[in-house]
Structure formats: structure tokens, C-alpha cells
Amino acid sequence: MFVNVSNHPSELWLEKQKECALCYGSIVDVAFPAIHKDYDSNKYDELVELYYERIMGLCPDVVMVQGEFIFTYRLVCKLKVSGVRVVSARSERVCQEFKDENNVIHKHSIFEFIDFVDY
């Protein structure tokens, strides 16, 4: 099983990313938590523990964790200590910038999946 802990549901992934994840079995999406700006270290630890228990209950083969840095770091460390393989999606960002008729600058980014990389 491939567990996706991110703000990017697998149903929106490109086929290449889905195919790579499906090599480990079914894909299960676990939405990344909303991290409040006032969280202290204890609140992070509580949230990490909650997600860790939920993920471990799924018996994953691989977990992809991507999101807010402090939560991601703590969850990745905890999963790795338990022997779980943890990855991040590697992608190339293709960015286009342009000015509209009102001189407002717009930026459009497309992320092209390359592969999964171990933490």
C-alpha cells in the first residue's frame, strides 16, 4: 500500500505518478492536516502522534509525506524509526510569467512528476 499524506489527492495526479505509486499496491489518500500558526511544539507532537497511529493502522509499504515543514519532518522521522519507507515526490516546476493588459504580473506553474525519492 502507498499512503499519500499531502494536500494533493491522488485522483489529481498525472498517470506517471499514479503508475509509480501503484507499484506498491493501492493508493490511500490521507489529507495533510491544517497547521495553525499558533501551534506550539506540544501541539505538533500531538498531531504527529495522531497521524502516525492512523498511518500505521493502514500497514503501509510506502508513505509519501509532503507539506508544512515541521510536521513533515517530525512525522517522517517517526515513521522511519519504525522501519517504514518514506518518500517525497520529485518534480520539475515549469513556470511561466506574463503581464496582463493592466500590467499585473501573473505566474503559472506546472509540476511535472519525475519520481519518488526516499527521505
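Reader: In this predicted model, where is the place of S10, and is this residue buried or exposed?
Author: The model is a predicted one, and in it S10 sits in the loop that lies between β1 and α1 (15–22). Residues count as buried when their relative accessible area is under 20%. S10 falls below that limit and is therefore buried, with a relative accessible area of 11%.

Reader: Leaving aside its neighbours within four places in sequence, with which residues is S10 in contact?
Author: S10 belongs to the loop between β1 and α1, and the question sets aside its neighbours within four places in sequence. The residues in contact with S10 are then N4, K18, I27 and D29.

Reader: How do the elements of the protein run from the N terminus on?
Author: The protein has 3 helices and 5 strands, and buried residues make up 30% of its 119 residues. Among the contacts with a separation of 6 or more, 60% are between residues 24 or more positions apart. From the N terminus on, the order of the elements is β-α-β-α-β-α-β-β.

Reader: In what order do the strands form the open sheet, and which are the edge strands?
Author: The sheet is open, has mixed pairing and contains 5 strands in the order β2-β1-β3-β4-β5. Its neighbouring strands are turned against each other by 25° on average, with direction ignored. The strands that pair on one side only, and that form the edges, are β2 (27–31) and β5.

Reader: How many bridges join β4 to β5, and how many pair β3 with β4?
Author: Strand β4 (residues 85–99) pairs with β3 in the parallel sense, and M64 stands opposite V87 in β4. With strand β5 (residues 105–118), β4 runs antiparallel, and here C95 stands opposite S109, while K99 has I105 as its bridge partner. The numbers asked for are 13 bridges between β4 and β5 and 3 bridges between β3 and β4.

Reader: Which residue in the hairpin of β4 and β5 takes a positive phi?
Author: The two strands of this hairpin run antiparallel, and 5 residues lie between them. The residue with a positive phi, near 65°, is N103.

Reader: Which residues touch the most other members of the largest nonpolar core, and which element gives the largest share of this core?
Author: The largest nonpolar core has 18 residues, of which V5, V63, V65, F71, L75 and L79 touch the most other members. Two or more residues come from each of β1 (2–6), α2 (41–56), β3 (62–65) and α3 (69–81). The largest share, 6 residues, comes from α2.

Reader: Why do the buried residues of α2 line one face of the helix?
Author: The 16 residues of α2 should span 22 Å at 1.5 Å a residue, which agrees with the 22 Å between its end C-alpha atoms. Its buried residues are Y44, L47, V48, Y51, Y52 and I55, and what covers them includes β1, β2, β3 and α3, whereas N42 and L50 are exposed on the other side. Seen down the axis of α2, the buried residues line one face because they fall within an arc of 140°.

Reader: What arc around the axis do the buried residues of α3 cover?
Author: The buried residues of α3 are F71, T72, L75, V76 and L79, and the face turned away from them carries the exposed residues F69, Y73 and V81.

Reader: At about what angle does α3 run to β3?
Author: What covers the buried residues of α3 includes β1, α2, β3 and β4. One of these buried residues, L79, is in contact with Y52, I55, M56, V63, V65, V84 and V86, leaving aside its neighbours within four places in sequence. The helix α3 lies across β1, β3 and β4, and its angle to β3 is about 165°.

Conventions
Residues numbered from 1 in each chain as written. Predicted model: local features only at pLDDT ≥ 70, side-chain atom pairs only at ≥ 80, totals over all residues. Heavy atoms only, no water. Core = buried A, V, L, I, M, F, W, Y, C linked by side-chain atoms within 4.5 Å. Buried < 20%, exposed > 50% of the residue type's maximum accessible area, 1.4 Å probe, protein only. Helix = DSSP H or I, 4+ residues; strand = E, 2+ residues; numbered from the N terminus. Contact = heavy atoms within 4.5 Å. Pairing = 2+ DSSP bridges. Axes fitted to C-alpha atoms, helices over the stretch in contact; angles between N-to-C directions. Expected span 1.5 Å × (residues − 1). Arc of directions from axis to C-beta.
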